[in-house]
Amino acid sequence: MLSLHSARQRARKPADAPKIGLAVAGGGPIGGMYELGALRAIDEAFDGLDLTRLDCYVGVSSGAFLAAGLANRMDTAEMCRIFITGDSDDVQFKPETFMRPAFLEYAKRAASLPRLATQFWRELLFSPVEARWADLVTRFGGLVPNGLFDNAQVERFLRETFTRRGRSNDFRELAAPLYVVAVDLDSGEAVRFGDEGWDDMPISKAIQASAALPGLYPPVELRDRHFVDGALRRTMHASVVLERGIDLLIGVNPLVPFNSQRGPDSDVARNLASGGLPAVLSQTFRTLLQSRMQVGLARYTQQYPNIDQLVFEPNADDGELFFANAFSFSARRRICEIAYRNTLADLRNRADVLRPLLAAHDIRLRDEILADQQRSILDGIAPPVRDTETTARLKRTLDDVEQLVAQRRSRRTR
């Protein structure tokens, strides 16, 4: 499903290069895989667009890794090799790294049990009128771990990824601004890592904080403040890039509520309540996020009327996507494939409207990609080239030189 807003009056002069920003929302592991599939489709279908050389990036939760990867010049083909095919010669992805139980957190909480129990029984014996069994919930609630899984492993994986082959784990060293949004648990304030005052924080730590979904991962402590998932405030935080004077916004949001009236014919699909608490919570969570997204997009079209905006989302009747385990990596290839084909279908169906809009930003649709309705996400991914650390850095430098020459030639012809 493609939401499209065409600018009322484009501010860019013909002689100026278009400024393009990318906003990638969160959505857990499955949401991140959907976003990867959608970005891969955009990458292949848009001629004249290089997702690794945009003017601004913002990422939230699982979308923050994709945004940071692109800002670090990791293209969608390489990220597919890392997460889908598993044949990357650069980064080795192990799903269990992201699902390792937080044993230290469990032990820390369990260690406080004797003290809390002693205090409660002392009050019960010496102040029975004041002690209430209902106080058990409040008093012993602190024994429940802040998160099931250890996100320190996530940060380590990200740090290793962003400190190899010429990439950087420092916001200040990137060629284009990157923002990663997390929420301060104690104040409810949204913090933009990468912005002034927070740009000295390692990118890996910022993503760890932004992806700390309450219940799944414990809050991340940075500068004596505790941070959790950035989606608690806004779904996509697209305003972060819209504020930077871009001409075109590309956004990806992987979570929309399921429409059981148009979905697959099954008892659970027709009646989500029969799916139990997981189905009810999933639909509630998706509905809240989608509602905020729609409000935000409506506001953005009024607040930024002269910026073209494209936001890609799943189809509401996609039952396979809805019923996939949001915290499982086992279905990642299938979810990526669904996103890839959905996005190409959206582009194909809206091609007539998109062509003039994209042309204003020196982008055209690749008809040969859109015409192939059987195309798979794996079709355009070449086998990896085995590089050493030195050759990878050399290729990166030569690519920079080639890009600089191309930009100078472009300025002369404008």
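**Helix 13**

I started with helix 13 and listed its buried residues: Arg332, Ile335, Cys336, Glu337, Ile338, Ala339, Tyr340, Asn342, Thr343, Leu344, Asp346 and Leu347. I kept in mind that this is a predicted model. Then I checked the length of the helix. Helix 13 covers residues 332-349, 18 residues in total, and spans 26 Å from first C-alpha to last, close to the 26 Å expected at 1.5 Å a residue.

**Cysteines**

How many disulfides does the structure hold? I found 0. Cys80 is in no disulfide, and the nearest cysteine sulfur, that of Cys336, sits 5.5 Å away. Cys336 had already turned up among the buried residues of helix 13. Cys80 is buried too, with a relative accessible area of 0%. I also looked up Cys56, which counts as buried at 1% relative accessibility.

**Helix 1 against helix 3**

Cys80 came up again here. Helix 1 (residues 28-45) and helix 3 (residues 76-85) pack at about 150 degrees, with axes 10 Å apart. Helix 1 passes helix 3 in a left-handed crossing. From helix 1 I noted Met33, Leu36, Leu39, Arg40 and Asp43; they meet Thr76, Ala77, Met79, Cys80, Phe83 and Ile84 of helix 3.

**Helix 7 against helix 8**

I looked at another helix pair. The axes of helix 7 (residues 152-161) and helix 8 (residues 203-210) come within 8 Å and cross at roughly 145 degrees. This crossing is right-handed. On the helix 7 side, Ala152, Glu155, Leu158 and Arg159 make the contact; on the helix 8 side, Ser204, Lys205, Ile207 and Gln208 do.

**Nonpolar cores**

Which residues touch the most other members of the largest nonpolar core? I wrote down Phe46, Leu49, Tyr57, Leu178, Phe193, Ile250 and Leu310, out of 82 residues in that core. Helix 1 gives the largest share of the core, with 9 residues. In general, nonpolar side chains in soluble globular proteins tend to be buried together.

I then followed Leu310. Apart from its neighbours within four places in sequence, Leu310 is in contact with Leu2, Ser3, Leu4, Phe46, Leu248, Leu249, Ile250, Gly251, Leu354, Leu357 and Leu358. A second, separate core has 20 residues, including Ala23, Met236, Ala238 and Tyr300.

**Thr301**

I went on to Thr301, which lies in helix 11 (residues 276-303). Is Thr301 buried or exposed? I have it as buried, because its relative accessible area of 18% is under the 20% cut-off. Leaving out neighbours within four places in sequence, I found Thr301 in contact with His5, Arg8 and Gln309.

**Helix 2 and the arginine after it**

Helix 2 (residues 62-71) is mostly covered, with 10 of its 10 residues buried. Among them are Ser62, Gly63, Phe65, Leu66, Gly69 and Leu70. Just after helix 2, I came to Arg73, which has a positive phi of about 70 degrees. I noted that most residues other than glycine have a negative phi.

Arg165 is not a glycine, yet has a positive phi of about 55 degrees. I found Arg165 in the loop between helix 7 and strand 5 (178-184). At 10% relative accessibility, Arg165 counts as buried.

Arg223 has a positive phi near 55 degrees and is likewise a residue other than glycine. Its loop runs between strand 7 (220-222) and strand 8 (225-229). Arg223 is partly exposed, with a relative accessible area of 40%.

**Pro254**

Where does Pro254 lie? I located Pro254 in the loop between strand 9 (248-252) and helix 10 (267-270). Pro254 counts as buried at 2% relative accessibility. I also checked Pro254 against Gln290: they are 36 residues apart along the chain, and their C-alpha atoms are separated by 9.7 Å.

**Whole chain**

Last, I looked up the totals. I counted 16 helices and 11 strands in the chain. Of its 414 residues, 50% count as buried. Of the contacts with a separation of 6 or more, 79% come from residues 24 or more positions apart.

Key:
Residues numbered from 1 in each chain as written. Predicted model: local features only at pLDDT ≥ 70, side-chain atom pairs only at ≥ 80, totals over all residues. Heavy atoms only, no water. Disulfide = S-S within 2.5 Å. Buried < 20%, exposed > 50% of the residue type's maximum accessible area, 1.4 Å probe, protein only. Helix = DSSP H or I, 4+ residues; strand = E, 2+ residues; numbered from the N terminus. Contact = heavy atoms within 4.5 Å. Expected span 1.5 Å × (residues − 1). Core = buried A, V, L, I, M, F, W, Y, C linked by side-chain atoms within 4.5 Å. Axes fitted to C-alpha atoms, helices over the stretch in contact; angles between N-to-C directions. Left-handed = near helix turned anticlockwise from the far one by under 90°.
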